[in-house]
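Let's take a friendly walk through this model together, starting with its charged pairs and ending with its nonpolar core.

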Amino acid sequence: RNCDSATFPRELTIAAGGVETYKSQYIDAIRDILKDSKYATLRIAVIIEPNSIVNLVTDVGRDAPMCDEAASSGAYAKCIQHAINQLHPLPNAYLYADIGRSGRLGWTLASSPSSAVSIYYDILSHADAGVYGIDG
């Protein structure tokens with residue numbers, strides 16, 4: 001879930017079936033909790049994959065082999081899209097994508113266009129609801 005951080009144990013790897021584990025043991029489990037009727041009146045803000053989408057912009061091709069693998073295999077995109085597809089239909093869930101901050105992305109007022117927007121759009125537009133699956 002954070003392909004370039006030595007801080008986290010990288011408990012999910014592509015080689016060890018991490019995509020399916022992520023879907024079934026993380027996202028589907030969260031969906032099942034949020035759709036419980038006792039939470040129906042709560043407005044729940046869900047941050048979609050803090051750091052992961054940003055890693056596709058900042059770490060791919062920069063001596064981060066696990067990020068390169070996550071990008072080239074489509075694993076991050078598939079997982080993010082699964083999260084959106086499972087959580088967006090919940091009427092009490094409001095989804096927000098963590099797309100980073102300008103400093104982390106290396107943006108300045110004079111910088112050239114970043115690949116970030118096209119990467120984000122490609123991932124989000126391929127979710128079931130397209131870009132409308134994200135509330136912010």
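## Salt bridges and core

Asp28 is buried at 17% relative accessibility, where buried means under 20% relative accessible area, exposed over 50% and partly exposed in between (1.4 Å probe, protein chains only). This is a predicted model, in which local features need pLDDT of at least 70, side-chain atom pairs count only at pLDDT 80 or more, and totals for chains, interfaces and linings use all residues. Residues are numbered from 1 along each chain as its sequence is written, and side-chain values use heavy atoms, leaving out hydrogens and water.

There are 4 salt bridges, each a side-chain nitrogen of Lys or Arg within 4 Å of a carboxyl oxygen of Asp or Glu. Among them are these:

| Pair | Closest N and O atoms |
|---|---|
| Asp28 and Arg31 | 3.5 Å |
| Arg31 and Asp32 | 2.9 Å |

Asp32 is partly exposed, at 38% relative accessibility. Through shared partners, salt bridges join Asp28, Arg31, Asp32 and Lys35 into one network. Arg31 is buried, with a relative accessible area of 17%.

Now for the nonpolar side. The largest nonpolar core has 35 residues; such a core is a set of buried Ala, Val, Leu, Ile, Met, Phe, Trp, Tyr and Cys residues joined through side-chain atoms within 4.5 Å. Its largest share, 8 residues, comes from α4, with helices (H or I, at least four residues) being DSSP runs numbered from the N terminus. Leaving aside neighbours within four places in sequence, Ile84 is in contact (heavy atoms within 4.5 Å) with residues including Ile48, Leu95 and Ile134.

How values were computed. Helices (H or I, at least four residues) and strands (E, at least two) are DSSP runs, numbered from the N terminus.
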